[in-house]
Amino acid sequence: MNLTDIELRNFRNYEQVKLDFDPGVNLIVGDNAQGKTNLLEAISYLGSGKSFRAMKTSEMVRFGADFADIEGNVFAQERNQRLRWVLFNGSRPRQIWRNGAKKKTAGDIAGVLPTVLFCPEDLMVLKTGAAQRRRLGDHALCQLRPNYDAALTEYNRILDQKSRILKDHFDNPAILEILPEYNTRLCQVGALLISYRARFYKSLGESAAKFHGQFSGGAEDFSLEYKTVSTVTDPFAPVSTLTQDLLDHLQRHYRAEIETAQCLTGPHKDDFDVSLSGINLKSYGSQGQTRTAAISLKLAQRELMGREMGEEPVLLLDDVLSELDPGRQDFVLNQIVSGQVFITCCEPGRFTKLGKTIEISKGNVKG
């Protein structure tokens, strides 16, 4: 699997540019704020319909433009395919195209161009808040399981509606009559999320333990624990059991949610912990241990996606190598000998022997 080329029109700081890529390593160099990360964002968005930076679609449209266009040719699933996204500056819904045919959802292009992003913020993901760790899992699962993507979208939609009910009930107490209906549906969809997450994190932990063992020479035992609501004693239980567990938990928090006008519990609060030989990294891990474990998680994510899809996903390294000491740099580089890789770097002379070099300046290709 590889992205052979991409064309951007009015995307971020790119007015119009077309780039051809090597099927191996592509080194994207240039000074800060020239568009290197924007290019990785476009590649990631092309395959998933999700941005790892923007909260709103309009943020990706070039200032002063009405729309942005991302288009690229991909060799995947043993054939050439063309993907295209048109993003509008306003409330108009985005458009998705695959091989010239308009599609309805991102699920219609699932598996064509899966990507794994690794950026400097990910190096400390095990020390940050739970939201960043959920995002890590959600991004991978949405690419692996289109049904998970649909369930997550539905869960967030219901959660937003429930939040409005809780906020509005002070002025309109009668609106609470419909709250049980929303809670039931929220638990049904939330149970699906827990079921998917439990299996994913089990596989992710096992794969990451292998990478960490190689990195540490077997000196530390890596383990990952998925954490969800307390009433769920077995996240691998049938979805019907998980639904009832969530309903029981919501019932316990019913009065508190009404009083605070907040959704206090549910899979939107999920998290995971990583331990090394029984030591919790979030609380007690050193910076070196935390970075090594984060690298192991990202390499494990790539391995899992490649195993599931039968093709290695595209790896996006956004200025992450410059944040690592030489030993960790070597470990990462030794793991990317196969598949297509994009590496951004501010130093033109660094890593130039890895593959094709593309220099970016103010949203244009130099040379």
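In helix H1, the buried residues are Lys 36, Asn 38, Leu 39, Leu 40, Glu 41, Ala 42, Ile 43, Ser 44, Tyr 45, Leu 46, Gly 47 and Ser 48. The model is predicted. Because 12 of the 13 residues of H1 are buried, the helix is largely enclosed by the rest of the structure. From its first C-alpha to its last, H1 reaches 19 Å, close to the expected 18 Å.

The largest pocket has a volume of about 1,800 Å³. Its lining comprises 49 residues, of which Lys 50, Ser 51, Ala 54, Arg 135 and Asp 138 are the closest to the centre. Helices H1, H2, H3, H4 and H8 each give two or more residues to this lining, and the largest share, 10 residues, comes from H3. By class, the lining has 20 nonpolar, 15 polar and 14 charged residues.

The structure holds 26 salt bridges. In one of them, Arg 53 pairs with Glu 41, with the closest N and O atoms 3.0 Å apart. Arg 53 lies in the loop between H1 and strand E4, and Glu 41 in H1, so the pair ties together parts 12 residues apart in sequence. Glu 41 is buried at 0% relative accessibility, whereas Arg 53 is partly exposed at 37%.

Glu 71 and Arg 82 form another salt bridge, at 2.8 Å between the closest N and O atoms. This pair links strand E4 to strand E5. Both residues belong to a salt-bridge network that also includes Glu 7, Arg 9, Asp 69 and Arg 84. Within H3, Glu 154 and Arg 157 lie three residues apart and meet in a salt bridge of 2.8 Å.

Conventions: Residues are numbered from 1 along each chain as its sequence is written. This is a predicted model: local features need pLDDT of at least 70, side-chain atom pairs count only at pLDDT 80 or more; totals for chains, interfaces and linings use all residues. Side-chain values use heavy atoms; hydrogens and water are left out. On a 1 Å grid over the protein atoms alone, a cavity is a set of points where a 1.4 Å probe fits but cannot get out, and a pocket is an open set with protein on both sides within 12 Å along at least five of seven lines; lining residues have an atom within 4 Å of a point. Grid points are joined across faces, edges and corners, and a volume is the space filled by probe spheres set on the points. Helices (H or I, at least four residues) and strands (E, at least two) are DSSP runs, numbered from the N terminus. Ala, Val, Leu, Ile, Met, Phe, Trp, Tyr, Cys and Pro count as nonpolar, Asp, Glu, Lys and Arg as charged, and the others, Gly among them, as polar. The expected span of a helix is 1.5 Å times one less than its number of residues. Buried means under 20% relative accessible area, exposed over 50%, partly exposed in between (1.4 Å probe, protein chains only). A salt bridge is a side-chain nitrogen of Lys or Arg within 4 Å of a carboxyl oxygen of Asp or Glu.
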